[in-house]
Amino acid sequence: MKRILSSIVFTVALLCPWIALAQNPPASCGTTAQNIWVRDQLNTYYYWYQFLPAGVNRASFNSPEAYLGAVRYRPVDNTFSFITQAASNDAFYSDSQFIGYGFGNQTTQTEIRVLQVYADSPASEAGLSRGDRITTVNGRTIPSMIADGTIGGAFGAADIGVATTIEWGTLTGQRRNARMVKRLVTIPTVSLTSVTEVDGRKVGYLFFRNFVQPSTQALTDAFAALKTAGVTELVLDLRYNGGGLVDVAVHLASLIGGARTNGQVMLNYVHNDKIGPVLNKTTRFANPEQALNLQRLVAITTRGSASASELVINSLRPYIPVTIIGDTTYGKPVGQYGLRFCDKVLYPVAFSIKNANLEGDFFDGLAVDCAAGDDYTHQLGDVAEASLAEALTFIRTGACTPKTTEERLRTQRLASFVFRPTGWASILNAQ
């Protein structure tokens, strides 16, 4: 990730090696100098630069983060542009690592639901499992922290050694508690693959967690195994995948489309009128030897599926049918450059990405075709889990399962959440 200066990012880091950006560093790393530097980058690269407010006193803000938060284009850019620490940024994108407890989660009005637990993590050692409901953190209830606005910092700073005591309930009704200490945790990018036979067809299932550098080899290996198994249909589970590097997205989409999409236009980058004449670019699909050459794709998504996840779906649609199972996606059709300064990285929205038909701008998300809940009462990859079961039903019948009003309302309740982190932590969606 030392090359982040020459990266293009989508949501947080969609890497495009075709461009090298050269910025002069801030005059110093004093707060005002950093604020001025951020302003200068926004004036050049920001997709909505014309909406930056005039007459803002940069010296009145106590950090570049505060300055960025005050001037970015709302309501569209509420969480997209951000500033992060370079060290944690590098660890995530280079090694799929972060400092934390090691569990994916969803926050509702009453609890924090555990959605995934990573192996060899403090969370796994504490005994947390998918479906567990965390009710108190350091003695405080979830509703009380939501009420006073402290839920975002409930688990403490992202530093090694930070400890948290939690209480939770299991799916079997047991009450438990544990103390966890943060350390470096590795996220398995391809967390699960399997093959299921449906009416004589071999259907592959792939749970994909994040678009980071180790993902390229992990996807190559996974698709090679699926191809060897004779898979002719694929369920791509992106339900917690908040995005990442664009070269990984190109690789994944190419593994799906193969010869059918090889050499075709996948992405069109559209910048502001200042830098567009130089930086606008078209990227095409490749044809890796492990490609499945699928005739269609079934994708599982939730409101946590963003940016590169949406990019894969949107870029394939001009060439093959893509059916979305689960819930409407997050809605992030724009991307960023990663610009280093001092010990930080600025990620301003710098471009939109459109497919071969110039379709994009899905700020309300990509609509679901067959609604299904994120069924935490079953493990991921279980054919009885609601979203996977619905995906297999669609593959079998070509239609969605009819749902009663109560089932539709239950699906909506399962999909709801009240807190979403910002920055690369929104891609991570984990503690």
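Me: How many bridges join β14 to β21, and in which sense do the strands run?
Reply: In this predicted model, β14 and β21 run antiparallel and are joined by four bridges. One of the residue pairs is tyrosine 269, whose bridge partner in β21 is isoleucine 353.

Me: Which other strand pairs with β14, and over how many bridges?
Reply: Strand β15, residues 281-284, pairs with β14 in the antiparallel sense, over four bridges. Here asparagine 268 stands opposite threonine 282 of β15.

Me: Why is β14 described as largely enclosed by the rest of the structure?
Reply: A residue counts as buried when its relative accessible area is under 20%. Strand β14 covers residues 265-271, and six of these seven residues are buried, so the rest of the structure largely encloses the strand.

Me: What is the strand order in the open sheet of three strands, and which are its edge strands?
Reply: The order is β2-β20-β19, with antiparallel pairing. β2 and β19 are the edge strands, since each pairs on one side only. From one strand to the next, the twist averages 30 degrees. Within this sheet, β2 and β20 are joined by four bridges and run antiparallel; glutamine 85 stands opposite lysine 344 in β20.

Me: Which helices pack on these strands, and at what angles?
Reply: Helix α1 packs on the sheet and touches β2, β19 and β20, its direction making about 165 degrees with that of β19. Helix α2 lies across β2, β19 and β20 and runs at about 160 degrees to β2.

Me: How should the length and the buried residues of α1 be read?
Reply: An α-helix has 3.6 residues a turn, so residues three or four places apart point the same way. Helix α1 comprises 15 residues, 31-45; at 1.5 Å a residue it should span 21 Å, and its end C-alpha atoms are 21 Å apart, in agreement. Among its buried residues are Gln34, Val38, Gln41 and Tyr45. The buried residues of α1 pack against several elements, including α2 (64-71), β18 (334-337) and β21 (349-354).

Me: How is the packing of α1 and α2 described?
Reply: Two packed helices are described by the angle between their axes and the distance between the axes. For α1 and α2 the angle is about 40 degrees and the axes are 9 Å apart. Angles under 35 degrees count as roughly parallel and those of 65 to 115 as roughly perpendicular; α1 is therefore oblique to α2. Their crossing is right-handed. Helix α1 contributes Gln34, Asn35, Val38, Arg39 and Leu42 to the contact, and α2 contributes Pro64, Tyr67, Leu68 and Val71.

Methods
Residues are numbered from 1 along each chain as its sequence is written. This is a predicted model: local features need pLDDT of at least 70, side-chain atom pairs count only at pLDDT 80 or more; totals for chains, interfaces and linings use all residues. Side-chain values use heavy atoms; hydrogens and water are left out. Helices (H or I, at least four residues) and strands (E, at least two) are DSSP runs, numbered from the N terminus. The expected span of a helix is 1.5 Å times one less than its number of residues. Buried means under 20% relative accessible area, exposed over 50%, partly exposed in between (1.4 Å probe, protein chains only). Contact means heavy atoms within 4.5 Å. Two strands pair if DSSP finds at least two bridges between them. Axes are lines fitted to C-alpha atoms, for helices over the stretch in contact, and angles run from 0 to 180 degrees between N-to-C directions. Angles under 35 degrees count as roughly parallel, over 145 as roughly antiparallel, 65 to 115 as roughly perpendicular and the rest as oblique. A crossing is left-handed if the near helix is turned anticlockwise from the far one by less than a right angle, and right-handed if clockwise.
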